[in-house]
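The report below reads one structure from the level of the chain down to single residue pairs, and then turns to the contact between two chains.

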Amino acid sequence: MSEFLKYPGESSNNDLAPEAKAAAHTRRVFLFKLAVGLNALVGAVLAVPLIGYLLGPAMKKRASVGSWIPIGDLSSFPVGETRLAEYRSPVASFDDGETAKVSCWVRRVSDQQFQVFAINCAHLGCPVRWFAESKLFMCPCHGGAYYEDGRRASGPPERGLFEYRYKIAGNSLVIHAGDMPTLSTEASCKGKPLVQIRPAADETRSTSWGA
Amino acid sequence: MGSMKESVTTAGRKGYEWLEHRLGLLRPMADAAAHPTPANNASWWYVFGSAATVLLILQVMTGILLALVYSPSANEAWTSLNVLNHNVALGWYLRALHGWGSDFMIAIVLIHMVQVFLFGSYKFPRELTWIVGVVLLLLTLGMAFTGQVMRFDQDAYWGLGIGASIASRVPYIGASLVHLILGGAIIGGATLSRFFTLHVFVIPGLLLAGVGMHVWMVLRHGVSDWPMPGRLVRKSTYEKEYHELTQRTGIPFVPDAAWKDAVFAAAILFAVMACAFFFGPFGPGGPPDPTIIQTAPKPDFAFLWIYAVLAFLPPSLETPVLMVAPVLGIAGLLLLPLLASEGERHWARRPVAVLMVSVIAVTLGIFTRLGTYTPWSPIMDAWTSNPIPPKYLHDRTPLEREGAIVLQNKQCRNCHALDGVGGLRGPTLDSVASSLTEDQIVRQVLQGGGNMPAYGNALNPSETKALVSFLMTLRGNDLEPAVDASRSLTQTSGFHAARSSAAAKDTNAASGQKP
């Protein structure tokens with residue numbers, strides 16, 4: 001037995017091997033485990049709001065995204081023609097700058113009947129261009145093509161162009177806009193179930209020049 | 001003088017001892033640097049890993065310097081890049097270094113990976129080193145993609161659209177995933193902010209930690225010895241053999257082996273500097289204004305092959321392939337060392353490995369090449385900028401010339417080339433009349449098919465008549481026109497007669513001769 005005073009915390013089983021000491025420290029081991037458990041609990045309580053913050057954008061209800069927005073006077077869309085229109089996204093944020101602007105193609109079928117197509121190709125979202133002479137929308141990225149009514153004409157898209165819901169309010173054309181249209185976030189917001197793999201239209205891809 | 005030199009040396013040694021006694025890191029680091037390595041791996045083939053590390057350090061340094069000026073806001077990013085290019089002294093050079101450093105880093109990481117694969121260095125006990133390396137490759141590609149978004153121009157904007165569209169194809173959680181990636185409903189400020197966070201905080205942190213693990217394991221297991229045909233890796237004996245080899249032939253890594261790493265690293269840094277100086281920075285391209293739709297978005301070099309693959313997948317296969325192929329590919333890379341942890345290391349005894357590398361390299365090369373000129377895309381201004389070659393208008397009737405005008409006006413040239421000019425989406429039309437009969441051309445134009453849209457609604461009968469009569473004059477170097485074999489059958493007098501000569505007529509028709 002040493003003649004010196006013990007250090008605080010120095011116990012009487014100094015002669016034991018460290019492993020045996022550790023085994024003997026049942027109260028401290030218990031407290032350590034308790035402390036680990038306490039930290040796990042605090043960590044979980046901390047993590048929930050952090051993860052909630054991180055996943056916030058993904059949690060938004062689809063219905064809450066978007067609103068009705070005017071895109072131009074009816075007179076600017078002649079009957080029988082397809083014109084480019086643009087609007088500022090109703091869901092834009094303070095720092096979106098130019099990226100808040102959105103284009104869309106407006107086809108006036110008749111006096112009261114329209115089709116408003118998203119600019120985004122249904123394949124991978126590139127901006128499609130209208131060619132009035134051949135009555136086709138063509139995509140610059142992978143060569144998707146659509147007819148004037150938005151149906152798929154050829155190329156890799158598996159469906160037609162995305163369409164906005166529209167209504168005529170007084171003298172202006174109003175569309176329902178929000179999400180950037182993709183296969184699972186369609187522009188129309190019609191409350192349809194998510195479209196995943198829609199069978200490629202009834203077109204035949206058999207032989208190239210088959211008569 | 002002598003005593004002064006002596007006292008400086010003494011002071012230096014004392015300073016070192018003071019520091020080392022407290023820090024305790026200098027000695028172990030010096031020991032690690034000078035660890036013995038088998039003399040046979042002090043080779044020029046073993047320099048790529050250290051070069052990749054040096055490039056990573058270059059990227060971190062130039063990235064920090066760029067962040068001094070760059071503004072990660074959708075409103076200002078594009079402008080701040082132009083300010084860097086034109087208004088900040090040497091800003092263009094820093095952007096160029098960072099951009100070229102990125103391309104070099106991807107290239108060197110890939111070369112490093114191929115070398116390790118062909119040398120069989122991923123086998124026991126270095127399996128985890130390879131697995132961490134695969135993660136490092138993915139992180140490097142992640143840096144390249146997020147870095148392309150930092151250059152917030154048209155390509156970055158539509159590239160994000162492509163990324164979101166791919167994510168939207170994930171079953172069930174597609175919409176949530178799109179919102180998570182974009183940080184909202186549209187591509188905008190929130191999108192750029194989160195890609196900035198990934199590019200500047202998250203991925204570099206993981207990358208540095210991963211490189212730390214990777215290098216630690218290299219030190220722990222030693223740099224792999226040069227593979228010899230017939231010398232198999234066995235878990236029971238490899239480490240003992242490696243240890244003996246090191247003892248017998250070992251040379252200190254620093255400086256006897258590392259001088260090659262140092263020379264190569266300097267050469268690579270010099271190459272990056274030369275490219276940056278002579279070729280300058282990448283972009284930015286047009287402003288990220290989504291209403292400017294006269295654009296043909298394209299990803300950076302490293303992703304061109306994916307862009308090309310996406311053009312060739314049939315619509316019904318696209319989503320399954322996009323969801324399954326990356327998982328299989330990455331899983332294959334990760335599992336490789338676990339499935340083949342023993343056995344032959346030398347490439348000469350692993351033909352399948354050599355074949356795989358060759359096939360993958362050729363495939364990636366072909367798709368990348370295709371991605372540079374996108375033959376699948378219509379050329380949007382071919383119809384207004386590429387006139388009909390005059391030789392196709394000589395000696396034509398007015399109706400046929402009217403047809404040439406129809407061909408031009410209806411934008412046929414956007415997809416079809418004439419005399420080598422025009423789109424490559426559809427077949428070239430120079431000799432269309434020698435492969436299709438008039439009826440077949442009419443049908444093809446009006447009803448489409450075989451990836452051609454139907455033009456029935458875009459052409460009136462007189463336009464169709466004119467167009468087809470012009471197309472009928474296009475017979476290459478005056479080849480014979482195509483004939484309908486069945487028509488000749490109906491013209492013969494009797495059924496039996498036709499039948500008896502059917503074989504001969506078929507042969508004639510196939511060779512394009514008049515019956």
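Among contacts in chain A between residues at least 6 apart in sequence, what percentage join residues at least 24 apart? The share is 47%, where two residues are in contact if their C-beta atoms, placed from the backbone, lie within 7 Å.

This is a predicted model, in which local features need pLDDT of at least 70 and side-chain atom pairs count only at pLDDT 80 or more, whereas totals for chains, interfaces and linings use all residues. Residues are numbered from 1 along each chain as its sequence is written, and chains are lettered from A and ligands numbered from 1 in the order in which they are written.

**Confidence and layout of chain A**

The pLDDT (the predictor's confidence in each residue, from 0 to 100) averages 82 over chain A, and 79% of the residues score at least 70. Among the elements of chain A, the lowest mean, 73, belongs to helix H1 (residues 18-24), and the highest, 94, to strand S3 (residues 101-108). Over residues 189-211 of chain A the pLDDT is below 50, although this stretch has 34 contacts in the model beyond near neighbours in sequence.

The secondary structure of chain A comes to 2 helices and 11 strands, helices (H or I, at least four residues) and strands (E, at least two) being DSSP runs numbered from the N terminus. Chain A is divided into domain 1 (18-59) and domain 2 (62-177), with bounds that come from an automatic or database domain assignment; the centres of these two domains, taken over C-alpha atoms, are separated by 53 Å.

**The sheet around strand S3**

In chain A, 4 strands form an open antiparallel sheet in the order S2-S3-S4-S9, where two strands pair if DSSP finds at least two bridges between them. Strand S2 (82-88) and strand S9 (163-164) of chain A are the edge strands, each pairing on one side only. S3(A) and S4(A) form a hairpin with 5 residues between them. The pairings of S3(A) are set out here.

| Strand pair | Sense and bridges |
|---|---|
| S2(A) and S3(A) | antiparallel, 7 bridges |
| S3(A) and S4(A) | antiparallel, 5 bridges |

Individual partners include Thr82(A), whose bridge partner in S3(A) is Arg107(A), and Leu84(A), which stands opposite Trp105(A) in S3(A). S3(A) is mostly covered, with 6 of its 8 residues buried; a residue is buried if 20 or more other C-beta atoms lie within 10 Å of its own, exposed if 12 or fewer, and partly exposed in between, with C-beta atoms placed from the backbone. Over chain A, 34% of the 211 residues count as buried.

**Nonpolar cores**

Cys104(A) stands opposite Ala118(A) in S4(A), and, leaving aside neighbours within four places in sequence, Cys104(A) has contacts that include Ile71(A), Ala85(A), Phe117(A) and Tyr164(A). With Ala51(B), Leu55(B) and Ile108(B), Cys104(A) has the most contacts inside the largest nonpolar core, which has 99 residues; such a core is a set of buried Ala, Val, Leu, Ile, Met, Phe, Trp, Tyr and Cys residues joined through C-beta atoms within 7 Å. Helix H5 (residues 91-118) of chain B gives the largest share of this core, 12 residues.

**Contact between the chains**

Chain B gives 67 residues to the contact and chain A gives 65 residues. Among the elements that give two or more residues to the side of chain B that touches chain A are helix H9 (189-221) and helix H13 (315-339) of chain B.
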